[in-house]
Amino acid sequence: MSVNSNPYAPSPNDLLSNVGNFLLIESTLREGEQFANAFFSTEKKIEIAKALDDFGVDYIELTSPVASEQSRSDCEAICKLGLKAKILTHIRCHMDDARVAVETGVDGVDVVIGTSKFLREYSHGKDMNYIAKSAIEVIEFVKSKGLEIRFSSEDSFRSDIVDLLNIYKTVDKIGVNRVGIADTVGCANPRQVYELVRTLKSVVSCDIECHFHDDTGCAIGNAYSALEAGARLIDVSVLGIGERNGITSLGGLMARMIVSAPDYVKSKYKLHKLRDLENLVADAVHVNLPFNNPITGFCAFTHKAGIHAKAILANPSTYEILNPEDFGMKRYIHFANRLTGWNAIKSRVEQLNLSLSDDQVKEVTSKIKQIGDVRQLSIEDVDTIIKDYHSEQ
Ligand SMILES: CC(=O)SCCNC(=O)CCNC(=O)[C@H](O)C(C)(C)COP(=O)(O)OP(=O)(O)OC[C@H]1O[C@@H](n2cnc3c(N)ncnc32)[C@H](O)[C@@H]1OP(=O)(O)O
Ligand SMILES: O=C(O)CCC(=O)C(=O)O
Ligand SMILES: [Zn+2]
């Protein structure tokens, strides 16, 4: 499908949109380490960093080097790998953290500080004047070391809009590479995201990065909305792992973006490596891939009901917006159940290299349904019913 005829692509009149021109900040080794189950050894971090790099992410964000001595030395080790992705570390807006971060060998530093009333009161206890002063000091220091610098407001969507725009204007003026918006508690909806990014876009000249938690199920939708409004970078993690139930997942965002920007996504990311990457991280944090995971969930390309199966057999686009082959995955018709139809069973008869007329297939389908009404069927059950029926003819 060409971009012009793709109904899911941004309109050519949509001048703000970065849907076909976005970058990924991959935060499995920062936000992901904040997932309850995560403990990454140095070797595992290196393995994950290499796999992310191979997949094609633009940036890899690492845990703050002040979190622990091992975090600092792991950060140094990953910087020395010579990956194509730029390496970032993530710190508080404080000179003590910044001094350590710039010595690790990273390409850039992501600085964050809470700007909502909740966090100003109960997290760091600083007012907006103090935040601006310390942001300027940290940003100028990191820039003086020749590193990329991003300034982010934590809990942006519960922060005062005037405070937000003022601090972003201030840091933009002194030359940050990016400003970040963070939906730290997952409260934002796509419309609010669109409006905030669009407003911010009109007051800063640097790139905009966005970070979305998934507490209310909007993390992928919000990321898409942010790109539509002109954000350039999205924070993701493999399987979305992070604090609480996590953030925008890499695979989920790939699923969304390949529909809207297929050429860009396919040319930039090695989509066939997604499943291995997800399995690597899932194993490392002792979880299974969720059954309903976009793309790699076990039933992501499984079609069951007879109406679906018939149409899928005729043309997969009837019930698939994603092509499994783009991700090295396979489509599957689940025919061993009472919702099946004669078209699916006919296809199975052909796979078994048997020959039955359409009327015979319809008859054997009704036998399958009768048994399927009584108990769960396996493929072997259905194959036996078909073979027995065939030999009786
Ligand atoms: C929304 C996010 O995910 S932000 C990223 C979160 N990442 C992390 O927390 C990294 C891992 N964290 C750690 O290892 C530790 O919390 C450390 C090393 C950063 C700090 O440890 P401690 O000094 O023991 O402090 P503790 O964790 O109890 O409290 C956080 C401290 O940071 C301060 N703080 C919190 N956010 C910020 C900020 N953005 N900028 C500056 N200071 C901050 C708080 O005021 C508090 O300091 P205080 O108790 O001395 O007043
Ligand atoms: O640095 C950022 O932009 C985001 C920090 C974070 O993890 C959050 O606010 O949830
Ligand atoms: Zn987060």
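Predicted model: local features only at pLDDT ≥ 70, side-chain atom pairs only at ≥ 80, totals over all residues.
Which residues in α1 meet Asp74, Ala77 and Ile78 in α2?

Residues are numbered from 1 along each chain as its sequence is written, and chains are lettered from A and ligands numbered from 1 in the order in which they are written.

Now the answer. From α1 come Thr42, Lys45, Ile46 and Ala49. Contact here means that the C-beta atoms of two residues, placed from the backbone, lie within 7 Å. Helices are DSSP runs of H or I with at least four residues, strands are runs of E with at least two, and both are numbered from the N terminus. By class, this contact has four nonpolar, one polar and two charged residues. Nonpolar covers Ala, Val, Leu, Ile, Met, Phe, Trp, Tyr, Cys and Pro; charged covers Asp, Glu, Lys and Arg; the others, Gly among them, count as polar.

The axes of α1 (residues 42–55) and α2 (residues 69–79) come within 10 Å and cross at roughly 35 degrees. Those axes are lines fitted to C-alpha atoms, for helices over the stretch in contact, with angles from 0 to 180 degrees between N-to-C directions.

Next, the whole protein. It has 15 helices and ten strands, and its C-alpha trace spans about 85 × 45 × 35 Å along the principal axes. Of the 393 residues, 44% are buried. Buried means 20 or more other C-beta atoms within 10 Å of the residue's own, exposed means 12 or fewer, and partly exposed is in between, again with C-beta atoms placed from the backbone.

The domain assignment, which is automatic or from a database, gives domain 1 (3–284) and domain 2 (302–392). Their C-alpha centres lie 45 Å apart. Eight residues from domain 1 and five residues from domain 2 make the contact. On the domain 1 side, α9 (250–260) and α11 (274–284) each supply at least two residues. The largest share of that side, three residues, is from α9.

What about the cores? A nonpolar core is a set of buried Ala, Val, Leu, Ile, Met, Phe, Trp, Tyr and Cys residues joined through C-beta atoms within 7 Å. The largest one has 90 residues, and Met254 is among the members that touch the most others. Leaving out residues up to four places away in sequence, Met254 touches Val265, Tyr269, Leu271, Leu274 and Ile295. Another core, of 15 residues, lies apart from it and includes Ala336, Val349, Ile368 and Ile385.

Most residues other than glycine have a negative phi. Arg244 has a positive phi, near 50 degrees, and is found in the loop between β8 (233–236) and α9. Arg244 is partly exposed because it has 13 other C-beta atoms within 10 Å. The phi of His286 is also positive, near 60 degrees, and His286 is in the loop between α11 and β9 (302–303). His286 has 9 C-beta neighbours inside 10 Å, so it counts as exposed.

Pro190 lies in α7 (residues 190–201). Why does Pro190 count as partly exposed? Because it has 18 C-beta neighbours inside 10 Å. Beyond four places in sequence, Pro190 touches Cys218, Gly221, Asn222 and Ser225.
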